[in-house]
Amino acid sequence: MIRASAIDWPLAMVFVLGPVQWVTLVDTGLALKPVHLPVILCALAGFARAGRAQGAAARASVAAAGPLALVYVAYLAVLLTGVFPADDPGRGAALVAKLWLQAVLAAGVFLYLLRLPVRRICDSVVAGGLMGAGVFVALAWMTLAAHGQSLPGLVAEALATGSPAPLQFRLFLTLFNAGDWAAGGARTPASLRQVSLGFFCITGLFSAAALVAPARGTAARLAGAAGLGAALLLVLASLSRSLALVLVLSGILVAAGLVRSRAQAALFAGLVVAAGVGLAWLAGATAGIFELLGARYGDIGADGRLHQYARTLDSIAAAPLTGHGTGHVEEFRPGARNMVHNLLLGAWVQAGAAGLALALAMTLAALWLLLGRVAVLRRRPDLLALAALPILPLLRSQLGGQGGNYALPELLAFVLGLALLFRPALVSAGRSTRAVSIS
């Protein structure tokens, strides 16, 4: 059972406040948002404890994180050198300052997590994510009502018409104080939507782990089911392809860890068929659901994404070695300026060949960490769900509009994955045949 006394509340509050990205406490170029307060608290506590002896467990986890951390620091250094050649040095300087600050906070949170048992971390994320979903829906409902719109009405309109516009261009833009963007008003970057939803995606991964974790009670499994359901509902309603893909890949990993016999394989196949039949029935009841899914998940070129890639490649061709400077944005059509939705292209267009090389090194390091853990954790399907965490930054940076940079949930995904999946007990278990036991 997930008890209040078993929850680490500073960590839980990160996921309670994480989705509320349209609330800004202070904006001086580096906007201070509610989620930053518990992140700063965890980071300070982590650094304060770092000076004490933490034993072989902490040293092993830090050693595993070292290569990726060094590559990322080198990448930030290259971005820093590219601030002044940019067409907007102020924008580039603010971006680099934010990324360096987030990297320092992520390091502190990593040290903080090394002091917590795995189960306490998992319960805290699930509980915080469930509360965060409630806070998000309540504030979204009130914010939309203040703008004369209805949250259920927008969802019903999208399902009835098969158009993603009510959810993408009315719901989220209104939440992020950008309801007047069509009339020429200031438009908050769309990446804030992905930052907000990234916390739900992480909650979904931890909730899937709670569902299949060994020696858990009914109450804990119910909490996991509720967290997974809330995450799936909000991610699918947001029409985020990258986050939906992360959850699907996580589900495949969990299924692979659970299936140990032909009978279990048949059970999973039956569940998949039943889910397909249920979706078909729902589609018959709501005529627009297939049109909605097809419009958003069907053709990636339909929303201009491939045009953005092609336009960025043309810009890269003009300065392939030096790039155009940190913070560079592309104008894909008159009045539409945005960072390219691709980690490698975003790094290349901003920081040139050096940025591309380091971004590629980060990608390969993330894949190496993930693949190494899948082999070790084959006996723990619950921790296999968490092995999808290193996928999140890779896909989010490709499709999340961060332009070759990591946002806060992406860094937290790395931190959580490294702190959980590189415990010495797991490493030793990979060298033996006995089951893994982690408190």
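L192 touches Q21, K33 and F176, leaving aside residues up to four places away in sequence; contact here means heavy atoms within 4.5 Å. The structure is a predicted model, in which local features need pLDDT of at least 70 and side-chain atom pairs count only at pLDDT 80 or more, while totals for chains, interfaces and linings use all residues. Residues are numbered from 1 along each chain as its sequence is written, and side-chain values use heavy atoms, with hydrogens and water left out.

**Overall composition**

- The protein chain holds 18 helices and 2 strands; these are DSSP runs, numbered from the N terminus, with helices being H or I of at least four residues and strands being E of at least two.
- Of its 439 residues, 50% count as buried, where buried means under 20% relative accessible area, exposed means over 50%, and partly exposed lies in between (1.4 Å probe, protein chains only).
- Among contacts in the protein chain with a separation of 6 or more, 74% come from residues 24 or more positions apart.

**Nonpolar cores**

- A nonpolar core is a set of buried Ala, Val, Leu, Ile, Met, Phe, Trp, Tyr and Cys residues joined through side-chain atoms within 4.5 Å.
- The largest such core has 106 residues, and Y72, L113, I202, F206 and L386 have the most contacts inside it.
- Helix α8, residues 191-212, gives the most to this core, with 12 residues.
- Apart from this core lies another, of 5 residues, among them Y309, I316, V340 and L345.
- L386 touches C122, L205, F206, A209, L420 and L421, not counting residues up to four places away in sequence.

**Packing of α2 against α4**

- Helix α2 (residues 36-50) and helix α4 (residues 89-113) pack at an angle of about 65 degrees, and their axes are 7 Å apart.
- Axes are lines fitted to C-alpha atoms, for helices over the stretch in contact, and angles run from 0 to 180 degrees between N-to-C directions.
- The crossing of α2 past α4 is left-handed; a crossing has that hand if the near helix is turned anticlockwise from the far one by less than a right angle, and is right-handed if clockwise.
- On the α2 side the contact involves V39, I40, C42, A43, A45, G46, F47, R49 and A50, which meet V104, L105, A107, G108, V109, L111 and Y112 of α4.
- By class, this contact of α2 with α4 has 13 nonpolar, 2 polar and 1 charged residues; Ala, Val, Leu, Ile, Met, Phe, Trp, Tyr, Cys and Pro count as nonpolar, Asp, Glu, Lys and Arg as charged, and the others, Gly among them, as polar.

**Packing of α1 against α5**

- Helix α1 (residues 9-17) packs with α5 at an angle of about 35 degrees, with the axes 7 Å apart.
- α1 passes α5 in a right-handed crossing.
- W9, L11, A12, F15 and V16 of α1 make the contact with I121, S124, V125, G128, G129, M131, G132 and V135 of α5.
- The residues of the contact of α1 with α5 divide into 9 nonpolar, 4 polar and no charged.

**Individual helices**

- Helix α5 (residues 118-146) has 29 residues and reaches 42 Å from its first C-alpha to its last, close to the 42 Å expected at 1.5 Å a residue; the expected span is 1.5 Å times one less than the number of residues.
- Just after α5, G148 takes a positive phi of about 75 degrees.
- Helix α17 (residues 408-421) has 14 residues and spans 20 Å from first to last C-alpha, close to the 20 Å expected at 1.5 Å a residue.
- In α17, 14 of the 14 residues are buried, so this helix is largely enclosed by the rest of the structure.

**Selected residues**

- L192 has its place in helix α8 and is buried, with a relative accessible area of 18%.
- The C-alpha atoms of L192 and A407 are separated by 9.2 Å, although these residues are 215 residues apart along the chain.
- S240 is in the loop between α9 (218-238) and α10 (241-258) and counts as buried at 2% relative accessibility.
- S240 and G198 are 42 residues apart in sequence and 9.9 Å apart in space, C-alpha to C-alpha.
- T363 lies in helix α14 (residues 343-376), and its relative accessible area of 11% makes it buried.
- T363 touches L343, L344 and L394, not counting residues up to four places away in sequence.
- E157 is found in helix α6 (residues 151-161) and counts as partly exposed, at 30% relative accessibility.
- The C-alpha atoms of E157 and L167, 10 residues apart along the chain, are separated by 8.9 Å.
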